[in-house]
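Me: I'm new to this. Can you walk me through the structure below?

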Amino acid sequence: MLIDLHTHSTASDGTQPPAEVIERAATTGLDVVALTDHDSASGWQEAAAGAHQFGIGFVPGIEISTKHGGTGVHLLAYLLDPSYPPLRAELDKILAGRGGRLTSMLAQLRAIGVEITEADVIAQAGRSPAIGRPHVADVMVAKGLVANRSEAFATYLDPGRPGYAVRYAAHTAEMIRLVSEAGGVSVIAHPWGRGSRRVIDLAALSSFTSAGLVGLEVDHQDHTPGDRVELRRLAAEAGLLVTGASDYHGDGKVAHELGCNVTAPDQFEQLIEAAACAGRLSGRDVSAGVSW
Ligand code: AMP
Ligand code: ZN
Ligand code: FE
Ligand code: FE
């Protein structure tokens, strides 16, 4: 059983439509794949139809932008009801924050002589309701300013670079509670990737576990083998499941091929059981009708 629980499509900042991500997962030999676009469930329907067509399991998810102690923490939420009004309101606030941040970023870039318009970026983002830095990066590539997304981040878009601006994110523990109320389960994405390494420790995880967190994405390209050993120990101490995933973005991210990290079947089963439990408690069970 090959299970990959973190992928992106053109419903956020991936480069392939949801059905193509699923098709590629099937041809790669994966048995189960989750689509976890940033702050949006808009790719789910197409992905679910693709999974049915290509005969693999599909888990609906969202990678939600949150903040703990002022530092960004990505929260993977699975099998939640995205129409739960308090959750919907928070996601809308995050998406609006992405739009406002774009205005700031473009003004900062203009100040250093890099001319990009909002219309350029919105056209580049296409169907994605989540406007991200990768879309700005793609415009820079199209204009010949940089060779690829990585160069755009390193030169302009990473924290400390001239095009970086902060945006709204929900509080991590509050979002974990909302996800449970929406019938889903939460897993911290790439806990020691980039900024979140500073804030994810046993104390933070214990407070998140009290809020309802069920897992930690240990096997991720952002983590060294040593990180993974330590994170497994932390997960065991905090009573959390361990997941693994590619964080696939199509051509948008190198060395993140589908299935490059996977989740163990027993951990997946426990994740599904926890989601079924949250679904029953909340009366919002979206796991019915989803197959794997
Ligand atoms: P944003 O959602 O606008 O804050 O941008 C964050 C997204 O940019 C992440 O989900 C990553 O997928 C992507 N990203 C961050 N750094 C890089 C990089 N160096 N190259 C390509 N994509 C990146
Ligand atoms: Zn992304
Ligand atoms: Fe992430
Ligand atoms: Fe991601």
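Me: Histidine 8 and glutamate 63: buried or exposed?
Reply: Histidine 8 is buried. Glutamate 63 is buried too. Keep in mind that this is a predicted model.

Me: Which residues coordinate the iron ion (ligand 4)?
Reply: His6 and His8 each use NE2. Glu63 uses OE, and Asp247 uses OD. The distances run from 2.1 to 2.2 Å.

Me: How are those donors spaced along the chain?
Reply: The spacing for the iron ion (ligand 4) is H-x1-H-x54-E-x183-D. Histidine 8 and glutamate 63 link distant parts of the chain, 55 residues apart. Histidine 8 is in the loop between strand E1 (3-4) and helix H1 (18-28). Glutamate 63 is in strand E3 (residues 57-68).

Me: What about the angles at that iron ion (ligand 4)?
Reply: They span 76 to 162 degrees among 4 donor atoms. The site is irregular.

Me: Why does that count as irregular?
Reply: Four donors count as tetrahedral only if all angles lie between 85 and 135 degrees.

Me: Where do aspartate 13 and histidine 38 sit?
Reply: Aspartate 13 is in the loop between E1 and H1. Histidine 38 is in strand E2 (residues 32-38). They are 25 residues apart, and the pair links distant parts of the chain. Aspartate 13 and histidine 38 are both buried.

Me: What separates the zinc ion (ligand 2) from the iron ions?
Reply: The iron ion (ligand 4) is 4.4 Å from the zinc ion (ligand 2). The iron ion (ligand 3) is 5.7 Å from that zinc ion.

Me: New topic. Which residues come nearest to ligand 1?
Reply: His38, Arg98, Arg101, Arg133 and His249 do, out of 15 residues around ligand 1.

Me: What distances do polar side-chain atoms keep from an oxygen atom of ligand 1?
Reply: For histidine 38, the distance is 2.9 Å. For arginine 101, it is 2.7 Å. For arginine 167, it is 3.2 Å.

Me: How much of ligand 1 does the protein bury?
Reply: Taken alone, ligand 1 exposes 490 Å². The protein buries 90% of that.

Technical notes. Residues numbered from 1 in each chain as written. Chains lettered and ligands numbered in written order. Predicted model: local features only at pLDDT ≥ 70, side-chain atom pairs only at ≥ 80, totals over all residues. Heavy atoms only, no water. Donors = N, O, S within 2.8 Å, 3.2 Å for Na, K, Ca; no water. Tetrahedral: all angles 85-135°; square planar, octahedral: opposite > 155°, others 65-115°. Helix = DSSP H or I, 4+ residues; strand = E, 2+ residues; numbered from the N terminus. Buried < 20%, exposed > 50% of the residue type's maximum accessible area, 1.4 Å probe, protein only. Near = heavy atom within 4 Å. Polar contact = N/O pair within 3.5 Å; in protein donor to acceptor, adjacent residues only side chain to side chain. Areas by Shrake-Rupley, 256 points an atom, 1.4 Å probe, with all protein chains shown as cover.
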